[in-house]
Amino acid sequence: MTARLPSLTAREVLSVLHRKGFVVVRQSGSHAVLRHGDGRRTTVLVHGKRDLGRGLLMQIMRDADLTSEDFG
C-alpha cells in the first residue's frame, strides 16, 4: 500500500526536486520547468503559498519518477 500524499506548496516541491538533482531550466509566468541530468522533465505551478492539488502532485511524481516517500 502506498503512503498518503502530503499536502505541499510549490516551494516545498521545488526544494525536494532540487535535492533529487532537478534544475529549473526556464520559467514562464507561474510555470517552472525542471530538468534532471538523465533527461527527466517536469513542470511545477508556482502559486504563492497555496498547496498543490493532489492530481498535480501525482503527475509531478510520475514525471520525476519519485514516490510519495521522497516527499514525506
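The model is predicted. Across the protein chain, pLDDT averages 92. A score of at least 70 is reached by 96% of the residues. Among the elements, strand S2 has the highest mean pLDDT, at 97. Helix H3 has the lowest, at 88.

Strand S1 covers residues 23-28, and strand S2 covers residues 31-35. The two run antiparallel and are joined by five bridges. In this pairing, Val23 stands opposite Arg35 of S2. S1 and S2 form a hairpin, with two residues between the strands. Gly29 lies in the turn and has a positive phi of about 65°.

S2 also pairs with S3, again in the antiparallel sense and over five bridges. Here Leu34 is placed opposite Thr42 of S3. These two strands form a hairpin as well, with five residues between them. Its turn holds Gly39, whose phi is positive, at about 105°.

Ala32 belongs to strand S2. Its relative accessible area is 2%, so Ala32 counts as buried, the cut-off being under 20%. Val46 is 14 residues away from Ala32 along the chain, yet their C-alpha atoms are separated by 7.1 Å.

The loop between S2 and S3 contains His36. Is His36 buried or exposed? His36 is buried, because its relative accessible area of 17% falls under the 20% cut-off. Leaving out residues up to four places away in sequence, His36 touches Lys20, Gly21 and Phe22. A polar atom of the His36 side chain lies 3.1 Å from the backbone oxygen of Lys20.

The largest nonpolar core has 17 residues. Those with the most contacts inside this core are Val13, Leu17, Leu34, Val44 and Phe71. Which elements give two or more residues to the core? They are H1, S2 and H2. H1 gives the most, with five residues.

Leu34 shows what such a residue meets. Not counting residues up to four places away in sequence, Leu34 touches Leu14, Leu17, Phe22, Val23, Val24 and Val25, among others. Arg40, Arg41, Thr42 and Val44 are also among the residues that Leu34 touches.

Helix H2 spans residues 54-64. Its residues Leu57, Ile60, Met61 and Ala64 are buried. Seen down the axis of H2, the buried residues fall within an arc of 100°, so they line one face of the helix. The spacing follows a general rule. An α-helix has 3.6 residues a turn, so residues three or four places apart point the same way. On the other side of H2, Gly55 and Arg62 are exposed.

What covers the buried residues of H2? The cover includes helix H1 (10-19), strand S3 (41-45) and helix H3 (68-71). Just after H2 comes Asp65, which takes a positive phi of about 55°.

Terms used:
Residues numbered from 1 in each chain as written. Predicted model: local features only at pLDDT ≥ 70, side-chain atom pairs only at ≥ 80, totals over all residues. Heavy atoms only, no water. Buried < 20%, exposed > 50% of the residue type's maximum accessible area, 1.4 Å probe, protein only. Helix = DSSP H or I, 4+ residues; strand = E, 2+ residues; numbered from the N terminus. Arc of directions from axis to C-beta. Contact = heavy atoms within 4.5 Å. Pairing = 2+ DSSP bridges. Core = buried A, V, L, I, M, F, W, Y, C linked by side-chain atoms within 4.5 Å. Polar contact = N/O pair within 3.5 Å; in protein donor to acceptor, adjacent residues only side chain to side chain. pLDDT = per-residue confidence, 0-100.
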